[in-house]
Amino acid sequence: MSNTVQRFLFDDLDIRGAVVRLDSVWKKLMTGRNYPAPVVELLGQLSATALLLADNLKQPGRLTIQLRGNGPVSLLVIDCNEQLNLRCMAHHAEQVAAAPAIDLLGHGQLLLSLDMPTMREPYQSVVPLDGKNIAEVFEHYLQQSEQLASHFHLAASPSGAAGLFLQKMPSTDERDPDGWARIEALAATVKNEELLGLSSESLLTRLFHEETVRVFDAQAVTNECPQDWDKVRNMLLALGREEVYASLKEHGAIVIHDELSNHEYRFTKSAIDELFSRTPETP
């Protein structure tokens with residue numbers, strides 16, 4: 001299956017992992033955005049990472065990841081819920097040349113937020129960007145936050161995004177002192193074209209054919225973000241008649257772009273007149 005996250009476990013070693021593969025969902029996410037190729041690659045790698053983390057949510061919740069920096073790619077945002085419904089966006093300079101991730105992002109921060117109905121307030125973590133690429137940033141983050149060694153292997157292109165995640169559990173060394181090093185070495189042989197082109201089962205067989213791997217059911221990834229006109233209308237009402245009509249006079253129409261969901265909302269003068277006709281004019 002495509003557009004999935006599939007977890008697996010090395011039973012004999014107590015090492016867990018997951019594979020994420022996106023194709024049609026990724027193409028839909030990128031439709032009409034016209035991001036430069038280096039931005040697409042970074043955003044795809046971050047999307048795969050977010051899905052690998054969100055797949056661990058055991059109850060309704062929303063995971064939001066932001067990478068902010070002073071480089072040509074100043075902002076990457078990924079939003080994902082426990083059902084693996086994915087949204088994303090990026091801000092970048094007009095011209096972005098191919099370069100290592102650390103140079104594209106520059107100095108900045110990783111902001112991770114987890115919001116669940118059972119929480120009194122969202123959990124938030126803000127740490128400096130530490131690593132040469134997306135994989136290293138999150139390996140360092142998990143090492144600091146969970147004290148567990150982890151590895152990400154990530155790949156992305158305009159047609160797809162993929163990732164392989166491995167994590168060492170506390171009892172791994174008791175099971176096999178050489179197990180983690182062996183699995184790391186095998187995973188390090190993976191090529192980007194294999195991540196992007198092979199199914200989860202084929203990839204795991206190709207990398208770990210001499211190991212005992214238990215594979216769990218794949219979880220589907222979606223990008224279901226219906227338009228919400230009422231929310232946008234309420235936002236315009238909150239801005240007020242004077243500000244909205246001033247913008248309308250300047251531009252001829254009100255156009256609002258929801259970058260995260262990749263929707264555009266356009267209001268003509270007649271639509272604005274109708275909207276404010278329902279609201280008494282403030283003296």
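The legends below describe close-up views of a predicted model. Local features need pLDDT of at least 70 and side-chain atom pairs pLDDT 80 or more, while totals for chains, interfaces and linings use all residues. Residues are numbered from 1 along each chain as its sequence is written, and side-chain values use heavy atoms, without hydrogens and water.

**View A. The largest nonpolar core, with 57 residues.** A nonpolar core is a set of buried Ala, Val, Leu, Ile, Met, Phe, Trp, Tyr and Cys residues joined through side-chain atoms within 4.5 Å; buried means under 20% relative accessible area, exposed over 50% and partly exposed in between (1.4 Å probe, protein chains only). Residues with the most contacts inside this core include W26, L43 and F138. Helix 2 (residues 37-54) gives the largest share, 11 residues. Helices are DSSP runs of H or I with at least four residues, strands runs of E with at least two, both numbered from the N terminus.

**View B. The aromatic pair W229 and Y265.** Rings of Phe, Tyr and Trp (its six-membered ring) pair if their centres lie within 6.5 Å; planes under 30 degrees apart are stacked, over 60 edge-to-face and the rest tilted. W229 and Y265 are edge-to-face, at 4.9 Å centre to centre and 80 degrees between the planes. W229 belongs to helix 9 and Y265 to strand 13 (residues 263-267), so the pair ties together parts 36 residues apart in sequence. W229 is partly exposed, at 29% relative accessible area, whereas Y265 is buried, at 3%.

**View C. The ring cluster of F8, F10 and F208.** The ring centres of F8 and F10 are 5.7 Å apart with planes at 85 degrees, so this pair is edge-to-face. Both F8 and F10 are buried.
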